[in-house]
Amino acid sequence: MENSSVFLREEYAQREFWNNRFRDYKSPFDWYVSWKELRPILNSNVPAESIANVLMVGCGNSTLSGDMGGNGYNVTNIDISDVVIDQMKDKTGQDYLLMDATKTFFKDQAFDFVLDKGTFDALACQAGSELPSALVREMGRIAKKVIMIITHGKKAARSPVFNGALEEFGEWKEEVIKCELSFQAQFINIIRSMYPGDSLSKVMKDPEKLAACIKQLAEYKKSKVTEENPLRQTFCWVYIYSKLEGQNEAQKEENEEEEIPDKEEENSEAAEAKGAN
Ligand SMILES: C[S@@+](CC[C@H](N)C(=O)[O-])C[C@H]1O[C@@H](n2cnc3c(N)ncnc32)[C@H](O)[C@@H]1O
């Protein structure tokens, strides 16, 4: 999608762009997927009972945080847009903090689970920027157990960036899961694909254009994703990084025990061997 006219917008990495957008569109909006699509992935990979707290970076006015909260997750939200933070902070009872996700004020490993949906992709719209990697590095610093990044980016492009940014924070097990886009996200992709020069609200208010998009939606599933038209991609990717440090420490201890033989153990083993003889 980075190659499309829609996603080649440098403003996606800028606070003012998002402030204007949240002033214009106050209704909740979820990029790519919502709780409905993510629930099975969350339940099987990061169940609420295994996680003490979650940080949602670049929360926007997504409904995901509220739904996760309703399903046992203890969520804190941050975003760079003061407009959306003001709009959201009294809505869910969760914490909504104004913070740049590439340099937060949280201490190392402050959250068991750090989750991003769409912020990496927004920052990646600024060509040649260090910000996308800085975001993942900061997620690696703050996360104690699991990081999840939800993006339209394929493994060949994303995986080296994510792994490169995380390597200074220990070893991580990577898993990449394909997830069908929500109906809302697919419909918006159709509007953008068909009328790249128009704003969403303009198309929604134009009966002819709206009807054409609805017709296209019926065809959507049948059409093939092509490199030329990546907006036809009907899925996104969920990258899950689980920290292996605990296991490594255990292994290290095991190795150390092997290297320095325990005298007492040696003696009792020798005694046992004697007895057996
Ligand atoms: C594509 S939207 C995704 C919103 C939400 N996560 C969702 O899935 O619907 C990107 C969000 O990242 C926020 N954002 C952009 N740059 C940021 C930064 N440096 N730190 C924190 N949030 C940022 C924007 O304000 C916006 O809310």
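Of the chain's 277 residues, 32% count as buried. A residue is buried if 20 or more other C-beta atoms lie within 10 Å of its own, exposed if 12 or fewer, and partly exposed in between, with C-beta atoms placed from the backbone. The model is predicted: local features need pLDDT of at least 70, side-chain atom pairs count only at pLDDT 80 or more, and totals for chains, interfaces and linings use all residues. Numbering starts from 1 along each chain, as its sequence is written.

The chain holds twelve helices and seven strands. These are DSSP runs, numbered from the N terminus: helices are H or I with at least four residues, strands are E with at least two. Among contacts between residues at least 6 apart in sequence, 72% join residues at least 24 apart. Two residues are in contact if their C-beta atoms, placed from the backbone, lie within 7 Å.

Start with strand 4 (111-117). Six of its seven residues are buried, so strand 4 is largely enclosed by the rest of the structure. Strand 4 runs parallel to strand 1, and four bridges join them. Strand 4 also runs parallel to strand 5, here with six bridges. Two strands pair if DSSP finds at least two bridges between them. Val114 ties into both partners. Leu55 has Val114 as its bridge partner in strand 4. Val114 in turn has Ile147 as its bridge partner in strand 5. In a regular strand the side chains alternate between the two faces of the sheet.

Now the core. The largest nonpolar core has 57 residues, and those with the most contacts inside it are Val54, Phe113, Val114 and Met148. Strand 5 gives the most to this core, with six residues. Such a core is a set of buried Ala, Val, Leu, Ile, Met, Phe, Trp, Tyr and Cys residues joined through C-beta atoms within 7 Å.

What does Val54 touch, not counting residues up to four places away in sequence? Its contacts are Met68, Tyr73, Asn74, Val75, Phe111, Phe113 and Leu115. Met68 sits in helix 3 (residues 64-70). Met68 is buried, with 24 other C-beta atoms within 10 Å. Leaving aside neighbours within four places in sequence, Met68 is in contact with Trp35, Val54, Tyr73 and Val75. Met68 and Leu42 are 26 residues apart along the chain, and their C-alpha atoms are separated by 9.4 Å.

Helix 6 (residues 131-142) comes next. Helix 6 has twelve residues and reaches 16 Å from its first C-alpha to its last, close to the 16 Å expected at 1.5 Å a residue. The expected span is 1.5 Å times one less than the number of residues. Its buried residues are Pro132, Leu135, Val136, Met139, Gly140 and Ile142. What covers them includes strand 1 (54-57), strand 4, helix 5 (119-124), strand 5 (143-151) and helix 7 (155-166).

Helix 5 gives the most to the shell around the ligand, with three residues. Strand 2 (75-79) and helix 5 each supply at least two residues of that shell. Of the 22 residues around the ligand, Trp18, Gly58, Gly60, Ser62 and Gly118 come nearest. A residue is near a molecule or strand if its C-beta atom, placed from the backbone, lies within 6 Å of it. The shell divides into eleven nonpolar, seven polar and four charged residues. Ala, Val, Leu, Ile, Met, Phe, Trp, Tyr, Cys and Pro count as nonpolar, Asp, Glu, Lys and Arg as charged, and the others, Gly among them, as polar.

Tyr32 has a positive phi of about 65° although it is not a glycine. Tyr32 lies in the loop between helix 1 (15-24) and helix 2 (35-45). Tyr32 counts as buried, with 26 C-beta neighbours inside 10 Å. Gln109 also is not a glycine, and its phi is positive, near 55°. Gln109 lies in the loop between strand 3 (95-98) and strand 4. Is Gln109 buried or partly exposed? Gln109 is partly exposed, with 17 other C-beta atoms within 10 Å.

Finish at helix 10 (residues 207-220), where Gln216 is found. Gln216 is partly exposed, with 16 other C-beta atoms within 10 Å. Leaving aside neighbours within four places in sequence, Gln216 is in contact with Ile190 and Met194. Gln216 and Ile190 are 26 residues apart in sequence and 7.3 Å apart in space, C-alpha to C-alpha.
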